[in-house]
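Hi there,

Here is the structure I promised to pass on to you. Please have it open while you read my notes.

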Amino acid sequence: MAITLPDWLLEYGYSLLDRGLVPDFVLRLTIRTLLRQRLGEIEHGSAAANHEAKMKFIEGVKAMDTIAIETKKANEQHYEVPTEFILTTLGPCAKYSSCLYPTGRETLAEAELAMLESYCVKAQLVDGMEILDLGCGWGSLSLFLAGKYPKSKITGLSNSNTQREYIMKTAKERGYDNLQILTGDVNVFDFPEGKTFDRIISIEMFEHMKNYEALMRKVSRWLHKERGLFFTHCFVNRTTAYHFIEDDGWMAKQFFSGGTMMSFDLLTYFQSDLTLERSWYVSGTHYSKTCEHWIQTQDAHKAAGIKHLREDAAAKGLDPDEAEKTFYRFRVFYMACSELFRFDGGDVWGVGHYLFRPKARE
C-alpha cells in the first residue's frame, strides 16, 4: 500500500533539502515512497480504465494550441543555469541525458561515448549527411557528430543562448567548421521553405513538449522525403503518460514545469506524418547509473560548483543563498532521477529510442 506524505511534512523537508540538511538515506527512502505514491495515482483500477485515461491524454495534447508550454521556465530550470556549474556535474562530453553502460562497469566518460555511438548505429548515420540535432543541449551530440563525421554538416537547434555560446566556443577550440547552432522556440521556429535534412535526431527534448501531432508534422517538413530518417531518445514510463504540473510536487515545480512523462508507446499514436520503423527499450538502470555518476562528479567539484553559482547570483543581483539552493536542488534532482529509473529494476521508468521515416507518398 502506498503511503501519502502530508503536505506540511513535504514543505518542511523541501526547506531542509535546499540547505543540504537531509541525509541521503532519508532522501532516498522518501523518494521511493513518493514513487510508490505516484504509481498509485496513475493506476485507474483496470486495463480498460487505464486505456481510457491514455486516450483522454492523447486527445488532450492533440487539442493544445502550442507544441510546448512553459518554455521560459524550462530554460530557467535547466538550460540558463551557469554553464560552468553544469560542467562540474557532467562527464567530459557534457551529455545531459542518459548514458549507456553495456557491461555496468563503464566510467561516465565511457558511458557517454557508448550512448552517442549507439545513436549513430540506430539512426544509420554516414559521413556526408546533413544532420539536425533538435534540442541540442550543451552540444554533446552536435560536437560528437561534428568530430566523427567531418564531411557532414551539423546544425543544432537550442532554446538557450548560453548553450549556443558554449557549443560554438568549444567547436572553435576543436577546429570544427562543419557545425552551426541556432537558437529558437520550437513553437514558432522554422527553417526556410524547402530546407531539409538527411537525419534529424532529438535527445530528451520531447519530454518538454505537449502537442506531438504538431511537433511530428514540423519534423516531417524538415526531413528529406526520400532518404530522411528521424531518431529520438525519450525517457518514458513503461505504460502511462502523464503531465508534470506545478502543484504536483517538488520535481514538477523545480525542474519540469510544463513537462511530460511519456509512455513508451505514446509516439505510436502520432504517425500522421511519420511512420515508426523501429523502437528500442533501454532499461532505466542505465539512467540510474548515469545519475549516480553525476552526483559523484558534482560532489567531487562542490567548491568549484558553488563558486560558479555564487558568481552568477551576484551578477544577477540575487541573494547569495540562491547559490547553495541551486547546488542542492540539482543534487536532489539527480538523486530523484536515479531512484525513479532504478525502480523495480529499471522496468517501470526507462528510455525509449524510436526511428521514424517519412510517410510513403500516395
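Predicted model: local features only at pLDDT ≥ 70, side-chain atom pairs only at ≥ 80, totals over all residues.

**Helices α6 and α7**

Let me begin with α6 (residues 108-122) and α7 (residues 140-148), whose axes come within 11 Å and cross at roughly 65°. An angle of 65 to 115 degrees counts as roughly perpendicular, and α6 and α7 are therefore described that way. The crossing of this pair is right-handed. On the α6 side, the contact is made by L113, L116, E117, Y119 and C120, while α7 brings in S140, L141, F144, L145 and K148. Sorted by class, that contact of α6 with α7 holds seven nonpolar residues, two charged ones and one polar one.

Seven of its nine residues are buried, so α7 is largely enclosed by the rest of the structure. The buried ones are S140, L141, S142, L143, F144, L145 and A146. What covers them includes the helices α6 and α8 (161-174), along with the strands β1 (130-134), β2 (153-158), β3 (179-183) and β4 (199-203).

**Helices α12 and α13**

The other pair is α12 (residues 302-315) with α13 (residues 321-342). Here the axes come within 8 Å, and the crossing angle is roughly 130°. Angles of 65 to 115 degrees count as roughly perpendicular and those over 145 as roughly antiparallel; α12 and α13 are therefore oblique to each other. This crossing, too, is right-handed. K302, I306, L309 and R310 of α12 meet A323, E324, T326, F327 and Y328 of α13. The residues of this contact divide into five nonpolar, three charged and one polar.

**Helix α9**

Next comes α9 (residues 212-222), a helix that is mostly covered, with eight of its 11 residues buried. Those eight are Y212, E213, L215, M216, K218, V219, S220 and W222.

**Two buried threonines**

What do the side chains of T260 and T232 reach? I took T260 first, which sits in strand β7 (residues 260-263). T260 has a relative accessible area of 0% and is buried. Its side chain is joined to that of K210 by a polar contact of 3.0 Å. Setting aside residues up to four places away in sequence, T260 touches F57, E207, M209, K210, Y212, F235, Y242, H243 and F244. One of these, Y212, is also among the buried residues of α9.

T232 belongs to strand β5 (residues 229-237). T232 likewise counts as buried, at 0% relative accessibility. A polar atom of the T232 side chain lies 3.0 Å from the backbone oxygen of S202. Apart from neighbours within four places in sequence, T232 is in contact with S202, F206, L267, G352, H353 and Y354.

Best wishes

How values were computed. Residues numbered from 1 in each chain as written. Heavy atoms only, no water. Axes fitted to C-alpha atoms, helices over the stretch in contact; angles between N-to-C directions. Helix = DSSP H or I, 4+ residues; strand = E, 2+ residues; numbered from the N terminus. Parallel < 35°, antiparallel > 145°, perpendicular 65-115°, else oblique. Left-handed = near helix turned anticlockwise from the far one by under 90°. Contact = heavy atoms within 4.5 Å. Nonpolar A, V, L, I, M, F, W, Y, C, P; charged D, E, K, R; others polar. Buried < 20%, exposed > 50% of the residue type's maximum accessible area, 1.4 Å probe, protein only. Polar contact = N/O pair within 3.5 Å; in protein donor to acceptor, adjacent residues only side chain to side chain.
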